[in-house]
Structures are given as C-alpha cells and as structure tokens.
Amino acid sequence: MWSCIIAFFFFSVSLCHPTLIYKRESNASDLISFNASLPNVTIFAMGGTIAGSAASNAETADYKAGAVGIQTLVEAVPDIKNVSNVRGIQVTSVGSENLTPANVLNLTQLVINEVAKDDVHGIVVTHGTDSLEETAMFLDLTVNTTKPIVVVGAMRPSTAISADGPMNLLNAVAVAASDRSVGRGTMILLNDRIGSAFYTTKTNGNTLDTFKSYEAGFLGMIVDQRPHFYYSPATPTAKVQFDIRNTTVLPQVDILYGYQGLNPTLAKAAVNSGAKGLVLAGMGAASWTDPGNDVIDGLIRNQSIPVVYSHRTMDGFSDYSYNGIPAYFHNPQKARYMLMLAINAGYSIQNITDMFHLEY
C-alpha cells in the first residue's frame with residue numbers, strides 16, 4: 001500500500017514539474033531551464049572566438065579560442081530562457097582553423113541524430129569564424145531536415161568590451177526556435193543578419209559585419225530577437241543532398257591557389273600525397289596557367305582525378321574549366337566540400353560535372 005502511495009506522489013510531482021520529465025527523456029543534465037510553452041533548441045559548441053578568453057577586456061586579437069564552455073556562454077545570456085529551452089553539448093573547444101573534416105563529420109552525425117528527435121525544434125552550432133562557412137555548407141548538404149539549423153560565431157572574444165557573441169548567440173537561438181525558420185536549410189547568423197549557408201562567406205578578417213552574401217543576398221535580419229525573412233523558404237539552385245550517416249572517413253580533397261608563375265607540379269604532389277580530387281582557386285574567373293592546365297589535364301585523363309575550377313576572387317561566376325569542372329558561383333572552400341561529398345558517394349566525373357552544372 002505504501003509503495004503505491006509513494007509511486008503516486010512521485011507521478012504527481014512529475015506532472016507539476018515538467019522539467020523533470022524533459023530531463024529524464026532527453027538525458028539533459030545540462031538543460032538550463034524548462035518552460036513547456038517554449039520550443040527546445042540544442043546548442044552544439046565547437047569552440048572559436050565566441051568562446052574565446054583574453055587577459056584584458058580591451059584585447060580583441062590576442063586571446064585563446066574555445067576557452068569558455070557552452071554552459072558558461074549560455075548562462076551569460078539569461079534572456080535565452082525567455083526564447084527557448086536550450087541544452088548545450090560541447091563537441092570541441094578549438095579555433096576553427098584547427099578543425100578537420102573528421103570533426104565536421106562527427107558534428108554532422110550528432111546533428112542528424114538530434115533533429116530526428118520529435119521534441120527538438122532546432123539546432124544552433126557555435127563555431128569559430130575562420131572556417132565557419134565550411135562547416136555550415138557541409139551541414140547544409142548532409143542534414144536532410146526542414147528543422148532550422150543556425151551556425152553562429154563572433155568576431156570578438158567573450159571577455160572583450162562590447163563582445164558580439166552574447167547577442168549573436170541569443171539571436172541564433174531565436175532563429176532556431178522560430179517556426180518562420182522552418183524549411184530554410186542551414187543558416188549563418190552574425191551581426192543581426194541571417195544568410196544561407198550555401199552562399200554566405202566571410203569577407204573580412206576583423207570587422208563585425210564580415211559575413212555577407214553579395215550576389216544572392218541575405219535571407220533576413222533580426223530585430224528584438226525576432227527573425228524577419230525577406231522571402232518564403234526556397235532551395236538554392238543546384239543544391240544536392242548527401243547521406244553520410246554511415247561514413248567514417250571522408251576522402252582527401254585539396255585546394256590549390258592560382259598566381260602568376262604558379263608551380264604546376266604542386267597538383268601532382270597533392271595527388272601523390274593522397275588527394276582524390278582537386279579544387280583550383282583560379283585567377284579572375286577561374287583561369288589557370290597553360291603549364292598548369294597541361295598537368296591538370298594529365299591528372300584528369302590518366303588518373304581520373306576530378307578537378308574543379310573555382311576562383312580566388314571573393315565572389316564571381318566561373319564557367320571556365322579547361323578540361324575540368326566549372327564551379328560556377330561556388331568559392332573554393334564550398335566547392336571542396338561538395339567535391340569531397342560527391343567522391344565519397346561514388347560519383348563519376350560526369351556525375352560531379354552534372355552536380356556542379358548551372359543552367360543560365
């Protein structure tokens with residue numbers, strides 16, 4: 001009899017305190033707070049400047065990236081609890097220049113598992129800005145969901161005067177928690193601007209307004225933690241989805257930079273060191289030197305190496321490719337992950353050419 005009374009008591013308490021239910025079902029010991037009327041957002045932390053720490057609050061260049069844990073970051077923005085129930089998961093704690101495809105693959109598989117949960121409305125990834133667009137592009141190509149995924153960073157460390165990270169994080173959670181964000185793919189959010197991961201790139205190494213999408217434009221902006229989108233949800237032209245749920249290692253793809261008198265043998269050296277594909281950051285609209293093209297042509301014909309011709313300029317359109325594959329609007333770093341995923345999926349060179357092809 002007493003066992004029945006005790007069981008009834010704990011059942012009643014769990015009904016009155018939904019936090020206990022949510023924590024038990026989600027195993028969310030790191031859940032900050034719970035409000036049954038708010039959506040649930042999971043934050044995956046990768047490190048970066050947004051989690052950086054410096055000796056002085058006036059220091060914005062000399063700091064340790066990834067020094068602050070996700071729980072501390074969230075607790076520093078108490079207004080988050082008015083927007084969403086958040087759960088923080090620390091994945092890595094490094095500057096994004098030190099991230100590898102293996103790190104990104106691991107993150108992606110975690111995100112895929114998380115968006116499969118019915119009680120998760122959206123995902124936020126905190127990330128260093130140096131390679132943020134690469135991770136965002138990879139997520140956009142591999143996480144097949146309509147749930148919002150927002151990749152966010154900062155240009156000033158968390159210890160700096162007027163650090164931009166807290167507001168960026170709050171805005172990112174607001175976007176991930178909004179029903180208006182559904183069906184828009186992976187997004188990049190900094191400085192109150194919302195951009196598509198497919199098109200947005202870092203344009204300046206220092207300023208707060210560095211992430212831009214000059215040709216395609218922004219998707220929207222944030223005002224008082226409310227996202228305002230300029231368009232209805234749409235899929236970028238020529239976007240392809242890849243399944244990496246069973247992938248353990250990604251193929252090596254290298255980027256070669258174009259310049260006057262470039263060393264044409266570097267392409268052979270990259271392949272000899274294990275590259276299964278190459279992306280060229282060509283001059284202008286993807287031009288490469290004549291001696292360089294001769295070497296590339298040999299790699300394509302004799303070793304079936306897929307070579308994508310992109311551009312070293314920040315933006316532009318390139319349909320030039322000699323005997324390789326034109327990248328069209330894709331910059332080298334985005335084209336690299338597209339090529340890497342295509343090779344991993346077993347695409348032929350013709351399949352890869354078709355994937356990049358853009359009607360115009």
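Predicted model: local features only at pLDDT ≥ 70, side-chain atom pairs only at ≥ 80, totals over all residues.
The domain assignment divides the chain into domain 1, made of residues 40-55 and 63-229, and domain 2, covering residues 253-356. The C-alpha centres of the two domains are 29 Å apart, and their contact draws 16 residues from domain 1 and 11 residues from domain 2. Interface size is often expressed as the accessible area lost when the parts come together; here about 1,300 Å² is buried between domain 1 and domain 2, with carbon and sulfur atoms giving 71% of that area.

Turning to polar interactions, 5 residue pairs are in polar contact between domain 1 and domain 2, both residues of each pair being at pLDDT 80 or more. On the side of domain 1 that touches domain 2, the elements giving two or more residues are α4 and α5, and the largest share, 6 residues, is that of α5. The count of salt bridges between the domains is 1. Arg 336 and Glu 134 meet through their side chains in a salt bridge, at 3.9 Å from N to O.

Helix α4 spans residues 101-115 and reaches 21 Å between its first and last C-alpha, close to the 21 Å expected. Its buried residues, among them Val 104, Leu 107, Ile 112 and Glu 114, pack against β1, β2, β3, α5, β4 and α9.

Within the loop between β12 and α8 lies Trp 288, which counts as buried because its relative accessibility is 8%, under the 20% cut-off. Leaving aside residues up to four places away in sequence, Trp 288 touches residues including Leu 256, Tyr 257, Ile 296, Tyr 309 and Tyr 320.

Key
Residues numbered from 1 in each chain as written. Heavy atoms only, no water. Helix = DSSP H or I, 4+ residues; strand = E, 2+ residues; numbered from the N terminus. Expected span 1.5 Å × (residues − 1). Buried < 20%, exposed > 50% of the residue type's maximum accessible area, 1.4 Å probe, protein only. Contact = heavy atoms within 4.5 Å. Domains from an automatic or database assignment. Buried area = accessible area lost by both parts, 1.4 Å probe. Salt bridge = Lys/Arg side-chain N within 4 Å of Asp/Glu carboxyl O. Polar contact = N/O pair within 3.5 Å; in protein donor to acceptor, adjacent residues only side chain to side chain.
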